[in-house]
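Notebook open, model loaded. Today I'm going through side-chain contacts and one bit of strand pairing.

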Amino acid sequence: MHRKARLKGLTTATARVSQARFHRVVRNVVIGIILSVTFGLLSYYRWLDGHMYLSVVEKRLLLYKGHPRWTAPGYPHPIREYAFDPAQYEPEGAILRSGSAISVFDEPVEAFLKRQLNALGRAEARFQADDLTGTRTIAIKYFDSHPSVSNVADINMRLLFAEVATPADRARLEEDLKSFRKEVREAAILGLQRFDKDMAIDLLRQDLKEGSAIDHSRILSRYGPPCTQQLQRYISAVALVPSARVNLPDTVLRTGCTLDEEGWWFLVRNAAIFGNGDLTDLARIATLLDLPFRYSLAEQQLKSEEQPSEALRWSIVLSNLRPPRCPSTLVKNWNNGAAFQWLRIGIIRAIAQGCGGHSAVQVIVDQSGGRASLRLSRWPERVLVLQPDSISTSDSLLLLQLLRDLSLRDSVPFIRKMLELHPYPVVRASSLDLLTDWSVQIPVSSEMLMSNSIDLQVAAQRALNLRTPDDAAEFLVGSIGAIGLSDLIKYLRGLVLTPKASHYIRELLASDDATKRKAAAVLAARGSPDAIGYLLAQRSFSVRSEALEYAAANQQLNQAVANLQSSQDIDQRDGKQLINLQVRRNEILDEIRSMPEWARAWRMQHIARTRKVWPPPVERLDAGIELFLADQSAELRRSIPD
């Protein structure tokens, strides 16, 4: 209804608005505001979602979805982590220039990172892509502009060049041999061995005289059979140089070379008695090489030695030589002036190995297990009486090794007593390990599981795994936070990961960096093939790197590699590295199968302990392969017949 009103000469127009119309107008305004805000937010989120940026965190590159300077709930959020080596990027590049967050880019992250690489980074990328010619071209151009060696990048480029050098590069490599830096000379020899292996060996022989401390093992890791004259001459020479940086036993077995009498005798005389197993290695290598002088020389030395330490040295050697005949003359040393328990243990072991195995030794244990006697069957008057709580640590370990090697299972009650009564955890752990390998089920106490000794803890978990795998897996899961990553490999030996434990381990992948790395290692080593694929698809670089470190221990690695073909979420570089793990593991197994059956378990242990570098690309032995070898070695020991 409209009407006019006049007030003091003013005329106004008024209108009456209904309540319904008022509500409709307000509602439309509110809807308009909501739509505008929603449109703005959607546009903003769409704009954020269309951007990515990288952030440098220590030695990692974190790829984020979003903008480094604009945020919103859920943005920015991490997409993936990459390894980051500052030495491979240009100092003035966007990554290093920004310090932390990198400006937004619209191109693929791989293309962006590739543009930021310096010469070393580009060469490394070409090498990883198997483009050896491209790698060599970049390296030579770099050398032309950097003729002198002034920093780590120069050395790394020369080490990379050594992997792709050709005969056309001989003059350049020979010039590097004159460098005052041993790293440059080492790289030059590495390059020369690609096309002139004999010259490289001659250079190593020359280095022995100069004593420049070049790492010979890294170069010798590239050599295999057949053994050349130059290589044999080098081995004969290096055996007489105890300071040389070379793993001679491993080199001899891998190349098919041999040791002469002077070299072997010198190595044995200078080997440590306890700790690194050098004496055992040298004795078994002498047997594998069938050195004709080994037994007579060792026996002669033992007869002539009166010092306890030297008598022990030669008794250890003899007890690992697997003599070709029954060494009856050794019995004369039973009452040697240095005839301590360890010497008699060595005599028993040597005689047993040459006189019929475990049938040459009788084990008599009283009913309580508190006293045992080892008697030579052919010389019953030669008796070694033992009590479980009064044997020294060194004697106990030698005794347990004797019982293991001869499979003297009548000694089980005595070993049980050693486990119960011996004061030293390392002996108790070795006793428990032997019983577990013989499938003897032992009640595992909380005192063992919570011991301050890692060796005893690990042995207890293995024993628990034999009785109740679920309990062993749950114990590992419950204590994983207190286990150091470097010790984790010990706890994984023999572990069976149950579905329940596997589920809980997956949940730990959302924990802090240290915990999720250990969780990834457990899943990769003991999980299913699908678990390996799941780990490699994770955005965390730490998770992926630990998975690749331990995947080689997985019994189903071949299936995990086969699954790569159907996976779209695994980075191509990670997939290639998994395939390389499979190849390296198979190469080691082929090497093991070339050994006599009696030596295979020892050879696996020897490789896991001593081999730290591998042919291209040079890298240390993966923890996963080391764990795989330990598993295979334990399986072989368990399969030894009575």
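This is a predicted model: local features need pLDDT of at least 70, side-chain atom pairs count only at pLDDT 80 or more; totals for chains, interfaces and linings use all residues.

I started at Arg170, which is partly exposed at a relative accessible area of 28% (buried means under 20%, exposed over 50%, partly exposed in between, using a 1.4 Å probe and protein chains only). Residues are numbered from 1 along each chain as its sequence is written, and side-chain values use heavy atoms, with hydrogens and water left out.

Next I looked up the partner: Arg170 makes a salt bridge with Asp196, closest N and O atoms 3.3 Å apart (cut-off: a Lys or Arg side-chain nitrogen within 4 Å of an Asp or Glu carboxyl oxygen). Arg170 sits in helix H7 and Asp196 in the loop between helices H8 and H9, so the pair ties together parts 26 residues apart in sequence (helices are DSSP runs of H or I, at least four residues, and strands are runs of E, at least two, numbered from the N terminus).

I then checked Glu591 and Arg603, whose closest N and O atoms are 2.8 Å apart in a salt bridge. Glu591 is in helix H30 and Arg603 in helix H31, so this pair links parts 12 residues apart in sequence.

Last, the strands: S6 (361-365) and S7 (372-376) pair antiparallel over 5 bridges (pairing needs at least two DSSP bridges). They form a hairpin with 6 residues between them, and Gly369 in the turn has a positive phi of about 80°.
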